[in-house]
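Please open the structure in a viewer and keep the sequence at hand.

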Amino acid sequence: MKTAVGSVVYSEAIEFIDDFLESLRIQSTQDFDIILISDNIAESYFRQKFEKYILFFDERIIFIPTREMTPEPYKLRIELLKISRTLGIDLLVLCDCDDICSANRVEATRKAYQTDIVFLYNELKDFNENNVMPELPLITNDFMQISEYNYLGLSNTAVILKNLNESFLQSLYKGKTPIFDWYFFSRILLDGGMGKRIDRCCTYYRIHQNNIAGIPDKKAESLEREKKVKLEHYLLLSEYMPICLELEEKYKNIELKAKGDGLMFWWGQLS
């Protein structure tokens, strides 16, 4: 099984990339490649700044330079999926370059590989080992499980690429949204795909100013932003699932009031 860890690297997260690469250097298995799509970092600069990791991983690091002057983030994520598939990767373990993988994440994901599912997912923890979200379901096989919030991000998931054909990947370009992870996994579920939780490994989730989802804070600005995100999300998905028009109508008129205390999933403050 050909495995790779895939990520998009960008200059705004440059201070965190060392931690990300170090977490890959200490993985309990080294039977994987690393595919990095550059947003706005020159390859020469990257290789110089992270020389010790370039030397350690050698040819296992595949660096893909930016193809456009101002690429849209969602396009880069689609490119990561398409290029990985072209390179013959069977299992693509996704991780944001500002987060880090637990030392056994790649090995645990490889062991959980199944040909009859499309994606795998693990829990998120903060850097103090606390859970970031409520307990994730063992199986995700219905769009309604993530219809009003999301727990599947491009940092705590892995994709079995042979179960995503070229026409499906090409159709993802319709998802012109900064919240691409929610759109991507919604589309997989609407297409009949399913995912499974992996236990005993995690992704450590970093909160900083460039983190789009962050941690729910129940502030008025955050609630308004969630409403806007949901309305755009449902409009994009309405082509594939008519019920999304009902959800759009619901959130057009929803009171901007956060639900109760406790851990929440992404975009779950209003649900």
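Select helix H7 and colour its buried residues: Phe180, Asp181, Trp182, Tyr183, Phe184, Phe185, Ser186, Arg187, Ile188 and Leu189. Buried means under 20% relative accessible area, exposed over 50% and partly exposed in between, with a 1.4 Å probe and protein chains only. Ten of the eleven residues of H7 are buried, and the helix is thus mostly covered. Helices (H or I, at least four residues) and strands (E, at least two) are DSSP runs, numbered from the N terminus.

This is a predicted model, in which local features need pLDDT of at least 70 and side-chain atom pairs count only at pLDDT 80 or more, while totals for chains, interfaces and linings use all residues. Residues are numbered from 1 along each chain as its sequence is written, and side-chain values use heavy atoms, with hydrogens and water left out.

Next, display the elements against which the buried residues of H7 pack: helix H4 (73–86), strands E6 (119–125), E7 (139–140) and E8 (157–160), H6 and H8. Contact here means heavy atoms within 4.5 Å. Just after H7, select Gly192, which takes a positive phi of about 95°.

Now move to Thr177, in the loop between helix H6 (166–171) and helix H7 (180–190). Is Thr177 buried or exposed? At 10% relative accessibility, Thr177 counts as buried. Leaving aside residues up to four places away in sequence, Thr177 touches Tyr74, Tyr183 and Leu236.
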